[in-house]
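Have the sequence and the 3D view at hand as you read.

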Amino acid sequence: MTRDWTPGDLDPALATIARTPRLLVALDFDGTVSPHVADPMSARALPAAVAAVGRLAALPQTFVAYASGRSLHDLREITEHEDGSPILLAGSHGAQFWFPDTGEETDLSSEPADQAEVVAELRALIADLDGVVHEPKTFGFGVHTRTAAPGQEEIAFLRVEKWASERIPSWRRRTGHHLREFSWRAEGKDAALARLRTHVQATGVLFAGDDVTDEDGMRTLGSEDLGVRIGAGETAAGLRVADPAAFAGLLDALADARASAQ
């Protein structure tokens with residue numbers, strides 16, 4: 001059962017995860033630490049979230065990661081991530097990684113031979129739709145409609161869904177806030193969390209996200225873990241907060257509890 005987190009209160013589940021010996025805090029980015037914005041590359045984490053993430057990453061036996069559907073290149077840009085950062089990254093829904101000790105890991109060996117043709121067809125399909133945007137991805141593409149004119153989103157998604165079912169039926173389809181995404185890789189947030197957990201040998205994971213794709217990860221969490229859902233929607237998470245600003249407060253409370261427990 002999902003409970004609403006009240007700012008200022010230390011929920012029992014939050015207190016428990018704060019005491020785990022090796023903690024992994026894995027965070028989606030868009031809609032989680034950053035509000036959704038019209039221009040995807042202008043997204044930035046709220047200052048309060050940046051401060052809380054920094055506090056957590058500085059604590060002993062505490063690891064912070066961003067796990068996003070963004071390509072690793074774009075994820076590094078929007079998180080303002082540098083080579084000396086202690087923050088782990090999982091991009092492209094867990095098909096790309098960046099670790100402080102090993103750097104970037106990306107496998108392009110299964111790239112389809114006709115990927116360029118597929119993208120050209122997609123771009124032509126939506127070219128006449130006002131405010132409908134093609135977003136290149138390392139392993140596919142997204143179609144964003146955050147800036148679409150009234151009525152254009154429905155047309156765009158109907159066209160793209162029909163075309164994709166016929167042209168690229170084996171690609172993985174994902175839905176999101178004003179988004180359809182298609183990838184020739186099958187990884188999801190479940191795979192991302194598993195790899196991150198193993199890499200840091202975490203005894204407990206706090207995973208937070210705001211969208212349908214994050215539920216792939218939420219459903220893999222065990223009794224020693226905690227999921228946090230940002231915003232409305234069905235979820236397997238244990239806690240819910242209203243928005244990224246409220247979630248920044250939860251991260252700060254976690255940092256306080258983690259520091260006190262050590």
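On a 1 Å grid over the protein atoms alone, a cavity is a set of points where a 1.4 Å probe fits but cannot get out, and lining residues have an atom within 4 Å of a point. Grid points are joined across faces, edges and corners, and a volume is the space filled by probe spheres set on the points.

This is a predicted model, in which local features need pLDDT of at least 70, side-chain atom pairs count only at pLDDT 80 or more, and totals for chains, interfaces and linings use all residues. Residues are numbered from 1 along each chain as its sequence is written, and side-chain values use heavy atoms, with hydrogens and water left out.

## The largest cavity

The largest cavity has a volume of about 250 Å³. Of its 23 lining residues, Asp30, Gly69, Arg146, Leu179 and Asp211 lie nearest the centre. Strand S9 (172-176) gives the largest share of this lining, three residues. Strands here are DSSP E runs of at least two residues, and helices are H or I runs of at least four, numbered from the N terminus.

What classes of residue make up this lining? Two are nonpolar, nine polar and twelve charged. Ala, Val, Leu, Ile, Met, Phe, Trp, Tyr, Cys and Pro count as nonpolar, Asp, Glu, Lys and Arg as charged, and the others, Gly among them, as polar.

## The second largest cavity

About 70 Å³ of space lies in the second largest cavity. Its lining has 14 residues, with Ser92, Phe139, Arg174, Glu181 and Ser183 nearest the centre. Strand S10 gives the most to this lining, with three residues.

Now turn to helix H4 (residues 115-126), which has twelve residues. Gln115, Val118, Val119, Leu122 and Ile126 are buried in H4 (under 20% relative accessible area, with exposed meaning over 50% and partly exposed in between, for a 1.4 Å probe and protein chains only). They cover an arc of only 95° around the axis, which puts them on the same side of H4; the arc is that of the directions from the helix axis to the C-beta atoms. On the other side of H4, Ala116 and Ala124 are exposed.

The buried residues of H4 pack against strand S7 (133-137), strand S8 (140-144) and helix H5 (152-167), where contact means heavy atoms within 4.5 Å.

Methods: Expected span 1.5 Å × (residues − 1). 1 Å grid on protein atoms, 1.4 Å probe; cavity = no way out; pocket = protein on both sides within 12 Å on 5 of 7 lines; lining within 4 Å.
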